[in-house]
Amino acid sequence: GEDVKPFTPGKAKEIVMSLQQPAVFCNMVDDWPALHWNAEYLSALLDGKTIQFRLGLKTVDLVPQFETRCSYVKATLEEFLSWSCGQPCLSGPFSCYEYSKYWAYADYKYIARIFEDKPEIFQDIRWSDFGFPGRSGKESTLWIGSEGANTPCHLDCYGCNLVLQVQGRKRWHLFPPGDTSFLYPTRIPYEESSIFSKVNVANPDLKRFPEFRNTIAYVVTLSPGQVLLVPRHWWHYVESIDPITVSINSWIELDADHEARVEEAITRMLVCAIKSAENPSDGDLWLNPTEVEATSHEINLQYLNKAVSAYFKYQKASVSEQVRPSSTGAGQRTSASCKRKKREAGSEPEGCRLLTHEFGFSTFKAENLQKIPFGPHLIQVLPQSQETSSVGAVAVESDGRDLLHENEGGHFGKLHHTRKELVMSTDREMPAHQMDSDGSPNASQTALSTNDLLDCLVNPHVISLVARLLLERTRV
């Protein structure tokens with residue numbers, strides 16, 4: 001007979017929309033054809049088509065390898081597979097990159113775009129099993145990497161994230177939204193929908209970023225067949241730990257995205273206005289390669305007005321939805337499933353344009369959800385102890401059983417609350433590297449840059465306050 005999944009689509013959706021901490025779904029995708037999407041299969045499917053790879057050094061630096069610091073090549077998957085076997089490449093796109101020194105990552109590849117001539121394969125991915133009917137590969141993104149390939153630590157401004165591991169394993173370092181100030185958030189390099197951390201969480205510079213000591217990492221190793229839920233605004237650093245990894249993800253839209261779009265529009269206006277005023281000869285690569293260009297002030301102002309209008313349109317619609325059931329049809333998508341605008345493409349995929357979408361459903365309220373059914377089919381990602389969270393964290397190897405722990409009531413909250421009390425202590429001293437011999441602040445610390453100003457001006461907490469003030473003004 002047909003395999004029975006541990007959660008119905010309705011229950012899975014309740015968990016996804018309500019759970020505020022990362023968790024791993026097991027035994028939910030065993031019948032998905034996409035589980036056969038290993039790199040060899042995808043190479044045959046692409047049939048010689050080239051895709052862009054990002055290359056970075058395997059050496060671990062004290063600063064993150066942002067995308068502005070990486071190299072880029074276009075290659076076939078066949079060429080990538082030959083290179084990743086360690087075979088010498090005397091010619092071709094990877095010939096300048098020794099495998100022992102570099103990793104390669106084909107990241108953020110819209111399946112709807114790279115397989116636009118094979119739409120039938122979209123159905124290999126069945127997010128309907130998680131309560132999102134009609135959502136398939138068309139609303140999903142593909143990731144193919146070699147060992148060491150990584151994404152710098154960041155948070156996604158829109159939606160929550162479901163990630164299916166297909167081939168190889170990836171290690172995820174996750175940090176809760178409450179750790180934002182300890183991760184030194186920055187919008188440089190700038191890209192809409194991503195807030196980066198200045199800290200290389202795999203090798204943190206604790207002299208430069210002492211507050212990072214106060215973070216607690218939730219670390220999990222995701223294995224093939226497992227699906228990770230990354231809740232809204234959770235920071236994450238992701239690294240491939242096997243020779244070849246393949247992942248598929250989909251960003252799930254949330255009601256909170258409407259206000260987040262206003263915040264992102266404000267951020268775009270400020271960053272573009274201030275950075276565009278700098279002397280281009282300074283050579284600051286402030287625009288992420290995923291952004292096509294720095295948009296003008298006029299366009300950014302239009303974008304802000306559209307974001308505000310969409311917010312109030314949603315507010316009005318949500319009142320009406322309280323008196324009638326809402327639909328969850330496939331056509332009701334938002335830009336959450338289209339996180340990035342890639343430079344390599346001339347336009348965004350159909351259905352991924354910002355601020356033109358309707359929200360067809362409301363977020364499930366946590367108070368209406370019964371006790372989360374943690375167990376062998378839904379595994380809680382637990383925080384590491386403070387002794388191991390800051391440096392040299394060891395991931396939990398997950399075959400499903402390794403991650404299983406008792407759900408001790410209040411464990412997360414108590415641990416987090418204790419740490420917050422330590423951080424808020426008023427007798428903290430300025431780090432020694434910021435002090436002169438006479439005990440006064442270093443003069444060098446006063447040589448502020450444009451980026452220093454922006455780190456404060458577009459800090460997530462500041463932007464959130466500005467957005468709310470702006471919406472209150474508009475409402476009046």
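In which loop is the place of Pro189?

Modeller: This is a predicted model, and the place of Pro189 in it is the loop between β9, residues 185-186, and β10, residues 194-197. The peptide bond that joins Ile188 to Pro189 is cis, with omega at about 5°. The loop between β9 and β10 also holds Ser193, a residue that has a positive phi of about 85° although it is not a glycine. Ser193 is buried, since its relative accessible area is 1%, and the cut-off for that word is under 20%. A further backbone feature belongs to Tyr184, which is not a glycine either but has a positive phi of about 50°; the place of Tyr184 is in the loop between β8, residues 170-175, and β9.

The protein chain has 476 residues, of which 52% count as buried, and its elements are 10 helices and 15 strands. Among its contacts with a separation of 6 or more, 84% are between residues 24 or more positions apart. The accessible surface comes to about 21,900 Å², and carbon and sulfur atoms account for 53% of that area.

Next comes the sheet. Nine strands form an open, antiparallel sheet, in the order β3-β2-β4-β5-β14-β7-β12-β1-β15. The edges are taken by β3, residues 71-75, and β15, residues 378-380, and each of these has a single partner strand, so one side of each is left without a neighbour in the sheet. From one strand to the next the twist averages 25°.

Within this order, β7 deserves attention, since eight of its eight residues are buried and the strand is therefore largely enclosed by the rest of the structure. With β14, the strand β7 pairs in the antiparallel sense over seven bridges, and Gln165 has Ser247 of β14 as its bridge partner. With β12, the strand β7 is joined by four bridges, again running antiparallel, and here Val163 has Leu228 of β12 as its bridge partner. Elsewhere in the sheet, β4, residues 102-110, and β5, residues 141-146, run antiparallel and are joined by four bridges, with Lys109 standing opposite Leu142 in β5.

Helices lie against this sheet. The helix α3 packs on it by touching β2 (51-57), β3, β4, β5 and β14, and the direction of α3 makes about 30° with that of β5. The helix α1, residues 9-18, lies across β1 (23-25), β7 (160-167), β12 (227-230), β14 (244-252) and β15, and runs at about 160° to β1.

The helix α3, residues 77-84, also packs with α2, residues 39-46, at an angle of about 150° and with the two axes 8 Å apart. The helices α2 and α3 are therefore roughly antiparallel to each other, the cut-off for that description being over 145 degrees. Where they meet, α2 contributes Ala39, Glu40, Leu42, Ser43 and Leu46, and α3 contributes Leu77, Glu78 and Leu81. By class, this contact of α2 with α3 is made up of five nonpolar, one polar and two charged residues.

Two aspartates in loops complete the picture. Asp47 is found in the loop between α2 and β2, and it counts as exposed, at 65% relative accessibility. The C-alpha atom of Asp47 is separated by 8.4 Å from that of Thr76, although these residues are 29 apart along the chain. Asp242, by contrast, counts as buried, at 16% relative accessibility, and is found in the loop between β13, residues 235-240, and β14. With residues up to four places away in sequence not counted, Asp242 touches Ser146, Glu147, Gly168 and Arg169.

Key
Residues numbered from 1 in each chain as written. Predicted model: local features only at pLDDT ≥ 70, side-chain atom pairs only at ≥ 80, totals over all residues. Heavy atoms only, no water. Buried < 20%, exposed > 50% of the residue type's maximum accessible area, 1.4 Å probe, protein only. Contact = heavy atoms within 4.5 Å. Areas by Shrake-Rupley, 256 points an atom, 1.4 Å probe, with all protein chains shown as cover. Axes fitted to C-alpha atoms, helices over the stretch in contact; angles between N-to-C directions. Parallel < 35°, antiparallel > 145°, perpendicular 65-115°, else oblique. Nonpolar A, V, L, I, M, F, W, Y, C, P; charged D, E, K, R; others polar. Pairing = 2+ DSSP bridges.
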